Amino acid sequence: MPFVRIDALRADGERLGALGRAVHDALIETIGIPPDDHFQVLVGHDGVNSTLRHGTYFGVQRDDGIVYVAITLRAGRTDEQKQALYRRIAELAWEYAGTEPRNVFVTLTENQSIDGSLGNGVAQYVASPDGPETT
């Protein structure tokens, strides 16, 4: 159950939607999440009342096209899967939303099965290691 938060500067609903699709499609393609496992918070910042800050850390020349993607998901993916995920998010953000790959900043936070409830006050992955209960 990846939980995704995307923050983008001066992004309208169309661009936010495109970025959300890019991340979701990349998660499906690279780590095999089910297509209906779709939990996202998409936030646009106007640059006045709320904004995003960025620097040139590691020599990456970011600008106001910056997009922060924070993904929380259960632990267990290989380093190769994570690298493929980051690369695919950057590719699809460019293709779907016109966001330059240099402006795609991704963080991944891993948790354990007990660390989330998908509703009804139940930790579904603990109740059923393969996923939510169907009954």
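1. Contact here means heavy atoms within 4.5 Å. By that rule, asparagine 111 touches Thr72, Leu73, Arg74 and Ala75, not counting residues up to four places away in sequence. Asparagine 111 is found in strand E4. Helices (H or I, at least four residues) and strands (E, at least two) are DSSP runs, numbered from the N terminus. Asparagine 111 is buried, with a relative accessible area of 15%. Buried means under 20% relative accessible area, exposed over 50%, and partly exposed in between (1.4 Å probe, protein chains only).

2. A word on the basis of this note. This is a predicted model, in which local features need pLDDT of at least 70 and side-chain atom pairs count only at pLDDT 80 or more, while totals for chains, interfaces and linings use all residues. Residues are numbered from 1 along each chain as its sequence is written, and side-chain values use heavy atoms, with hydrogens and water left out.

3. Start with helix H2, residues 79–97. Its 19 residues, at 1.5 Å a residue, should span 27 Å, and the end C-alpha atoms are 26 Å apart, which agrees. The expected span is 1.5 Å times one less than the number of residues. Glycine 98 follows H2, and its phi is positive, near 70°.

4. Which residues of H2 are buried? They are Lys82, Leu85, Ile89, Ala90, Leu92 and Ala93. These buried residues pack against helix H1 (13–31), strand E3 (67–74) and strand E4 (104–111).

5. Lysine 82 deserves a look. This residue of helix H2 counts as buried because its relative accessibility is 16%. Lysine 82 touches Arg77, Leu108 and Glu110, leaving out residues up to four places away in sequence.

6. Next, strand E1, residues 3–9. E1 is mostly covered, with 5 of its 7 residues buried. E1 and strand E2 (residues 39–45) run parallel, joined by 7 bridges. Two strands pair if DSSP finds at least two bridges between them. Leucine 9 stands opposite histidine 45 in E2.

7. Phenylalanine 3 lies in E1 and is partly exposed, at 37% relative accessibility. With Phe39 and Val41, Phe3 forms a nonpolar surface patch of about 230 Å² of accessible area together. Such patches take residues with over 30% relative accessible area and no salt bridge; like charges are joined within 9 Å, nonpolar side chains (Val, Leu, Ile, Met, Phe, Trp, Tyr) within 5 Å. Areas come from the Shrake-Rupley method with a 1.4 Å probe, and for residues only the protein chains shown count as cover.

8. Now the charges. A salt bridge is a side-chain nitrogen of Lys or Arg within 4 Å of a carboxyl oxygen of Asp or Glu. The count comes to 7 salt bridges. One of them joins arginine 5 to aspartate 7, with the closest N and O atoms 2.7 Å apart. Arginine 5 is partly exposed at 36%, whereas aspartate 7 is buried at 9%. Arginine 5 is also in contact with Val41, Val43, Tyr68, Val69 and Ala70, leaving aside its neighbours within four places in sequence.

9. Where does arginine 88 find its partners? Glutamate 29 forms a salt bridge with arginine 88, the closest N and O atoms being 2.6 Å apart. This pair links distant parts of the chain, glutamate 29 in helix H1 and arginine 88 in helix H2, 59 residues apart. Glutamate 91 also forms a salt bridge with arginine 88, at 2.9 Å between the closest N and O atoms.
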